[in-house]
Amino acid sequence: MSESRFVETNGIRLRYLDHGGDGPVLVLAHGLSANAHFFDGLCAAGLSPALRVLSFDLRGRGLSDKPDDYSMAAHGADLVGALDALGLERVVLGGHSFGGLLTYWVAAHHPERVERALVIDVPGSVDPAVMDQIRPSLARLELTYPSREAYLGFLRELPYFADGGWDDSLEAFFDAELEELPDGQVRSRCRAEHIAAAAQGTLDVDWPPLISAVQCPTLLVRTVEPYGPPGSPPIMDRAGAEQALALLRDGRLLEVPGNHLTFAFAGRAANVARELAGFALGDRVAA
């Protein structure tokens, strides 16, 4: 079981989950509108206790504070400040989707703080068209629902789960983002305007030269199944992965079953957790 904790950093308070573990410290950052519980399935499947895993609610998400600035620079300062506050000089840093871009950002700007990097489902540049693939999920942020059951029922019908993949751990992840309103209705804790600002922040960065500045060994993870409305491709195709690998000084590719969400849950989590832990601990992962 993880412990929920808070840290003061960069003028705000961030919530993080300490999953325990005796190995090197792995700091994880979630996707655009997700929360720290996204990594619970991977931790339970073996990522912890092989590593001491700390997963963060990024600003504006989960139980962390909701300030006005959602630039990549602000997100990066949050994480580096958290490392300072927790007395962590050098860590393995990882992230999924938006969190993968944040991993690139911190590794490029603060190479002395990042021993190894895990980047999950992020190509070498940001295509504005990817917003169409994630739009069905983001739509939930602007709505209220009469009950928890109604909210989860809406999520189960999203196209991301058309081929299966929904399970109790995925339900618990989505459940963690809910807040109950005074009238008994529920909604996501994320505000749509904050997520839109964070998405815009990714478009304001020239990613190829920044990724080229990443010095540490980096494991790039690509999910291979479609994600989005019918006919959508995987969130990162093979060409996007190869583009990122060409930019990285020491990059390796790992392709895993599942789509952009389902890879981290249910029966798929164990193999992914084993590969991530092996790389974080220094074992070679074949490209």
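Modeller: Helices (H or I, at least four residues) and strands (E, at least two) are DSSP runs, numbered from the N terminus. This is a predicted model, in which local features need pLDDT of at least 70 and side-chain atom pairs count only at pLDDT 80 or more, while totals for chains, interfaces and linings use all residues. Residues are numbered from 1 along each chain as its sequence is written, and side-chain values use heavy atoms, with hydrogens and water left out.

Glutamate 142 is found in the loop between helix 4 (130-138) and helix 5. This residue counts as exposed, because its relative accessibility is 64% (buried means under 20% relative accessible area, exposed over 50%, partly exposed in between, with a 1.4 Å probe and protein chains only). Between the C-alpha atoms of glutamate 142 and valine 256 there are 32 Å, and the two residues are 114 places apart along the chain.

We now turn to the rings. Rings of Phe, Tyr and Trp (its six-membered ring) pair if their centres lie within 6.5 Å; planes under 30 degrees apart count as stacked, over 60 as edge-to-face and the rest as tilted. Under this rule there are 14 aromatic pairs.

Where do the two partners lie in the chain? Phenylalanine 38 belongs to the loop between strand 3 (25-29) and helix 1 (40-50), and phenylalanine 265 to the loop between strand 10 (251-256) and helix 10 (269-280); the pair therefore ties together parts that are 227 residues apart in sequence. Phenylalanine 265, too, is buried, because its relative accessibility is 1%.

Ring pairs connect Phe38, Phe39 and Phe265 with Tyr160, Phe161, Trp166, Phe173, Phe174, Tyr227 and Phe263.

Helix 5 (residues 148-156) has Tyr151, Leu152 and Leu155 among its buried residues. They span an arc of only 90 degrees around the axis (taken from the directions from the helix axis to the C-beta atoms), so they lie on the same side of helix 5. Helix 6 (168-175), strand 7 (178-180) and strand 8 (186-188) pack against the buried residues of helix 5, where contact means heavy atoms within 4.5 Å.

In helix 9 (residues 238-247), Gly240, Ala241, Ala244 and Leu247 are buried. Their arc is only 120 degrees around the axis, so they are on the same side of helix 9. Ala239 and Ala246, on the other side of helix 9, are exposed. The cover over the buried residues of helix 9 includes helix 3, helix 8 (207-212), strand 9 (218-223) and strand 10.
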